[in-house]
Amino acid sequence: MKEIQLLIDGRWREGRSAERFVRRCPLDGSEATWAAAATAEDAVAAVEAADRAQAAWSGAGPSQRRAVLERAAQGIGTRKNALIEAMMEETGAGRLWSEFNVLQAQVMVREAAAATTRVSGEVIPSDVPGSLAMAVRQPAGVVLGIAPWNAPVILGVRAIAMPLACGNTVVLKGSEICPRVHALIAEAFHEALVEAGMPGAAINYIVHAPAAAGEVVEAMVAHAAVRRVNFTGSTRVGRLIAASCARHLKPVLLELGGKAPLVVLADADLDAAAQAAAFGAYLHSGQICMSTERLIVDASVADEFAARLADRISGLVPRDPRQADSVLGAVVDAETVHRCNRMIDDALAKGAVLVHGGKADSPLMAPVLLDRVTAEMAIYREESFGPVKGIVRVDGPEQAVRCANDTEYGLSSAIFSRDLAAALALARRIDSGICHINGPTVHDEPQMPFGGVKASGFGRFGGTAGIDAFTDLRWITVQTGPRSYPF
């Protein structure tokens, strides 16, 4: 069992109420972490500390910010074992997914470090004689980053690294499901700042008891010093965050739920498609925003595809990651088990065919594959966010595209076909922020513009899109010669 505190104004401390809450391991209910429970007053103190540090941090040169971020990447590496242990204990994640989180997070921080010298502007021709007109990107100010539990190291780092690279200060609101993971990330960035002689309050860390979410988040969003909000999580909570930001006229980036389709056309390489589907659908037990949720397969190859996919996943046996290396760990809670079981019952009652797996009685859920899923079934529309996936049979590319777009979500998607020109044309018609041709729906790189459309959110993380998101674009002119006026 580990105990963590809040990081406010460069100091680790208890919350003002001195209250704590416990996060229990989903595998056996044991106490994984005791965490200080922030109040709204603690949250405001964190924002104000970040605001005081803003001038010094934004005034640092790009090479100084780059050096801090490089140190932070190293700090995440030195905490690799602690982060993996915390992920497994707090969220039940398998070792493979936990290790990948740490490695990918280091890549993301280094990419952000490289971005410090790419925050640029332009000179724009002006019709005013003697006027030098410039578009200049500047730090926005205090950024509130709200990170989820499902990819906690990757998404915790994403909430911090690029905002810092652009010269902003950050308040990270960690998830109450994985407070220790997010505290370790904040610790790595804080240590890097202090070692470089920079203001430690450029990064602050807040976590709260589950019941306090509304008041704590509202207190920070409402604060005048908070100039950007970025949230990754469910569409339900994202709507609440968006409404709060709208009330206070705060720009917000939202990366929300998904129902990612993987389209398998009649001419697809079925081995490649099955391999990508197994990876995209069942990695981390399907608890990834980009997870393949619907397998949309041409009816002419559906039987063969289903057999190949079932063969691929037959060896995926969930295990307690604390006891042995495993590809699949546990799902995050009992509610996920109940939700997935309800989806299986509903689908079978309405005519679906069970190809592999079955209902579970514990968080160690084996992969489930259903065939002949139709629009009347809950699994067709609702995000399972678990290891239960369905095959929808279609007749031809046109029906496949209609099916792919028949959802409120639009984050990731994939198409498998040997005809690349035709696949590219179809990709342009799928309503999603991301589409991979002959690749899995689960694919992210820190330099890419990552984000969705429709109920999957708006705004883009990564690369130059991330720079745009976390800076303000200002128009500045210099009058270099005489100017005439009409009066």
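Predicted model: local features only at pLDDT ≥ 70, side-chain atom pairs only at ≥ 80, totals over all residues.

Me: What span does helix 10 reach from its first C-alpha to its last?

Reply: Helix 10 covers residues 270–282, which makes 13 residues. Helices here are DSSP runs (H or I, at least four residues) and strands likewise (E, at least two), numbered from the N terminus. The expected span, 1.5 Å times one less than the number of residues, is 18 Å for helix 10, and the model comes close to that, reaching 18 Å.

Me: Which residue has a side-chain oxygen within 3.2 Å of the backbone nitrogen of Asp271?

Reply: A polar contact is a pair of N or O atoms within 3.5 Å; within protein, one must be able to donate a hydrogen and the other to accept it, and residues adjacent in sequence count only if both atoms are side-chain atoms. The contact sits at the start of helix 10, and the side-chain oxygen belongs to Asp269.

Me: Which helix do the buried residues of helix 10 pack against?

Reply: Buried means under 20% relative accessible area, exposed over 50%, and partly exposed in between (1.4 Å probe, protein chains only). The buried residues of helix 10 include Leu270, Ala273, Gly280 and Tyr282. Their packing, with contact meaning heavy atoms within 4.5 Å, involves strands 13, 14, 16, 17 and 18, together with helix 11.

Me: How many salt bridges does a search of the whole structure find?

Reply: Side chains of opposite charge can pair when their charged atoms come close. The cut-off for a salt bridge is a side-chain nitrogen of Lys or Arg within 4 Å of a carboxyl oxygen of Asp or Glu. Across the whole structure, the search gives 32.

Me: How many residues apart in sequence are the parts tied together by Glu255 and Arg158?

Reply: The two side chains meet in a salt bridge at 2.7 Å, N to O. Glu255 lies in strand 12 and Arg158 in helix 5, so the parts they tie together are separated in sequence by 97 residues.

Me: Is Arg79 buried or exposed?

Reply: Arg79 meets Glu187 in a salt bridge at 2.8 Å, N to O. The pair links distant parts of the chain, with Glu187 in helix 7 and Arg79 in the loop between helix 2 and helix 3. Glu187 is partly exposed at 31% relative accessible area, whereas Arg79, at 9%, is buried.

Me: Which residue forms a salt bridge with Lys389?

Reply: Both partners are buried. Lys389 is in strand 17 and its partner is in strand 14, 96 residues apart. The closest N and O atoms are 3.5 Å apart, and the partner is Glu293.

Me: Which backbone oxygen does the side chain of Ser98 reach?

Reply: Ser98 lies in helix 4 and is buried, with a relative accessible area of 0%. Leaving aside neighbours within four places in sequence, Ser98 is in contact with Ile84, Met87, Met88 and Ala93. The side chain of Ser98 reaches, at 2.9 Å, the backbone oxygen of Gly94.

Technical notes
Residues numbered from 1 in each chain as written. Heavy atoms only, no water.
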